[in-house]
Amino acid sequence: MKNNLFTYTLRIADDSLILGQRLSEWCGHGPIIEEDIALTNIALDLIGQATSLLEYAAVAENKGRSADDLAFLRFENQYFNTQLVEQKNGDFAVTIVRQWIFDTFRLPFYEALQHSSDKQLAAIAEKSLKETKYHWKHSSEWIIRMGDGTEESNKRVNDALILLWKFSDELFYMDDVDKELISQGIAVDLETLRPAFNERIHYVLQQATLQLPDSKWKLSGGRQGRHTEHFGHLIAEMQYMQRAYPNMEW
Amino acid sequence: MKEQNLADLEAAFNEKLKQDIRIEPKDWMPDAYRKTLIRQISQHAHSEIVGMLPEGNWITRAPNLRRKAVLLAKVQDEAGHGQYLYSAMETLGFSREQSIDDMHTGKAKYSSIFNYPTLTWADMGAVGWLVDGAAIMNQVPLCRTSYGPYARAMVRICKEESFHQRQGYEIMCTLMKGSEDQKAMAQDALNRFWWPALMMFGPSDAESTHTQQSIDWKIKRHTNDELRQMFVDASVPQAQLIGLTIPDPDLKWNEERGHYDFGEIDWEEFKQVVSGNGPCNAERIAARVKAKEEGMWVREAAMAYAEKKKAKKAS
């Protein structure tokens, strides 16, 4: 039998886990100390969210796997994060645009999920929402600073938007897993989040003197376990210890 | 008249030191005292910032979610310490930017320990246990240092360092309870980090050019050799407790002194690493310079935006 709650929770968890992993690559290399602190802090929040969600996914699965087993011992096509979050850090503009698109989605998502009939998901959402508000404020402020900063920063943030916007639609991906759980009051109907998402996107872009790219072409596949080429490298690095030294306590 | 004034100011400064009253940014202080503090605080701040690199090297490969979160938190603390210390240094009239440039050109130093590579996960244990442990020995007395902003920064920093030291030791404890591979990994990390950790206390008292003056000014409260001895005395039993062997054939408890005797540090290695020839000196500086250069446009954008906002407000 399909385990919808497991899959649903895992998808949310993987977005946090993979973005947290990506952000932690910045540690010690940020453009100013304050950003080293901020990016590390956001990474830490995301790893924390991933941990709570993976622990719950492990319970929902009920096959004796732990949160760490789920984080470190799946194959590439068994991760269900969106392709957006696995994209490489690039320059600071790419990192911030990736973060901002994600935060702008996560904000209304957690707002809705905190009313889930599943108490555990609701509790995780409530806690994560507080963090996400800060993340969104941080990333939005940088979008505005870069957009309305110098000619170079405007170009870089614009290039980043062109690079990443095509991955944004996958955040709204839904299939039978979602539909089943929406009918039980557990999952969020992501279509209902679009107005809030679009409004926030346009509100920030307007202040940043930026526009969305013209292309309407969208990429997806992550939710079915199909990833981009760099993803294999990301998990090879992340799983190194667990693969090299199986079944050990650390 | 002028000379008389200067003599009065100096007398007042010395009287404050004598009575253990903190010197504050607006107080008069001898130029040499100011320079010594700028050198020491900036060196300390640079160490925090460069120190993020060897541990940052393992965040993406941390073996489980808990360790990943703890390591992230630790490295974030270090960035915070750096920021805090640069602020303390700026109260002495020296800018963070100038100070960072001095580090990049090699004019300003940072702790030589960060020029050693972190090769295995056990190094995260060894660094936390020994490097943060040695830092605590150095830093706890600095909570009573004579310059107010530095002393206050150190109070906060020491609280976090003590957590860092325990998390490092806990990694070592876990490894020593594990498989043969894990035990070997822990011992290997200790073998590589023990001597560099002892070098963190700086040259021996006989060779130290700054110690006596710093002690007279109550910037430093103990000599390098005193602190090194305290560190050895504290660390040896911790190693023994979990079955690790300190890589020093001359290490022996001296009943008469009530301290451990230990072997001679390789001072030539110390000299080489301090003067830029350690295994990672070039890499560490290159990483920091790269971060600065690649971040230039970000800082410029932030400044340009702030200017625009200010202009709008004014109009």
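In the predicted model, A:Asp15 is buried, because its relative accessibility is 1% and the cut-off for burial is under 20%. This residue belongs to helix α1 of chain A, which spans residues 4-24. Leaving aside residues up to four places away in sequence, A:Asp15 touches A:Asn81, A:Thr82, A:Val85, A:Phe102, A:Arg106, A:Leu171 and A:Arg223.

A second residue of helix α1 of chain A is A:Thr7. A:Thr7 also counts as buried, because its relative accessibility is 19%. Between A:Thr7 and A:Ala60 there are 53 residues of separation in sequence, while their C-alpha atoms are 9.0 Å apart in space.

Helix α1 packs against helix α2 in chain A. The axes of α1(A) and α2(A) come within 7 Å, with a crossing angle of roughly 155°. Angles over 145 degrees count as roughly antiparallel, and α1(A) and α2(A) are therefore assigned to that class. Their crossing is left-handed. Sorted by class, the residues in the contact of α1(A) with α2(A) comprise 19 nonpolar, six polar and two charged.

Helix α2 of chain A, residues 33-61, also meets helix α5 of chain A, residues 92-113; the two axes come within 13 Å and cross at roughly 40°. With this angle, α2(A) and α5(A) are therefore oblique to each other. The crossing of α2(A) and α5(A) is left-handed. From α2(A), the contact draws on A:Glu35, A:Leu39, A:Ile42, A:Leu46, A:Gln49 and A:Leu53, and from α5(A) on A:Phe92, A:Thr95, A:Gln99, A:Phe102, A:Arg106 and A:Tyr110. By class, these are seven nonpolar, three polar and two charged residues. Two of the α5(A) residues in this contact, A:Phe102 and A:Arg106, are also among those touched by A:Asp15.

Aromatic side chains were examined next. Over all chains, the structure holds 19 aromatic pairs. One of them joins A:Tyr79 and A:Phe231, with the ring centres 5.6 Å apart and 75° between the planes, an edge-to-face arrangement. The two residues come from distant parts of the chain, 152 residues apart: A:Tyr79 is in the loop between α3 (67-72) and α4 (83-86) of chain A, and A:Phe231 is in helix α10 of chain A (residues 230-244). A:Tyr79 is buried, because its relative accessible area is 0%. A:Phe231 likewise counts as buried, at 0% relative accessibility.

Another pair is formed by A:Tyr245 and A:Trp250, whose ring centres are 5.5 Å apart and whose planes are at 75°, so this pair is edge-to-face. A:Tyr245 is buried at 19% relative accessibility, and A:Trp250 is buried with a relative accessible area of 5%.

Ring pairs also connect A:Phe105, A:Phe109, A:Tyr110, A:Trp165, A:Phe172 and A:Phe197 into a cluster.

Notes: Residues numbered from 1 in each chain as written. Chains lettered and ligands numbered in written order. Predicted model: local features only at pLDDT ≥ 70, side-chain atom pairs only at ≥ 80, totals over all residues. Heavy atoms only, no water. Axes fitted to C-alpha atoms, helices over the stretch in contact; angles between N-to-C directions. Helix = DSSP H or I, 4+ residues; strand = E, 2+ residues; numbered from the N terminus. Parallel < 35°, antiparallel > 145°, perpendicular 65-115°, else oblique. Left-handed = near helix turned anticlockwise from the far one by under 90°. Contact = heavy atoms within 4.5 Å. Nonpolar A, V, L, I, M, F, W, Y, C, P; charged D, E, K, R; others polar. Buried < 20%, exposed > 50% of the residue type's maximum accessible area, 1.4 Å probe, protein only. Phe/Tyr/Trp six-rings, centres within 6.5 Å; stacked < 30°, edge-to-face > 60°.
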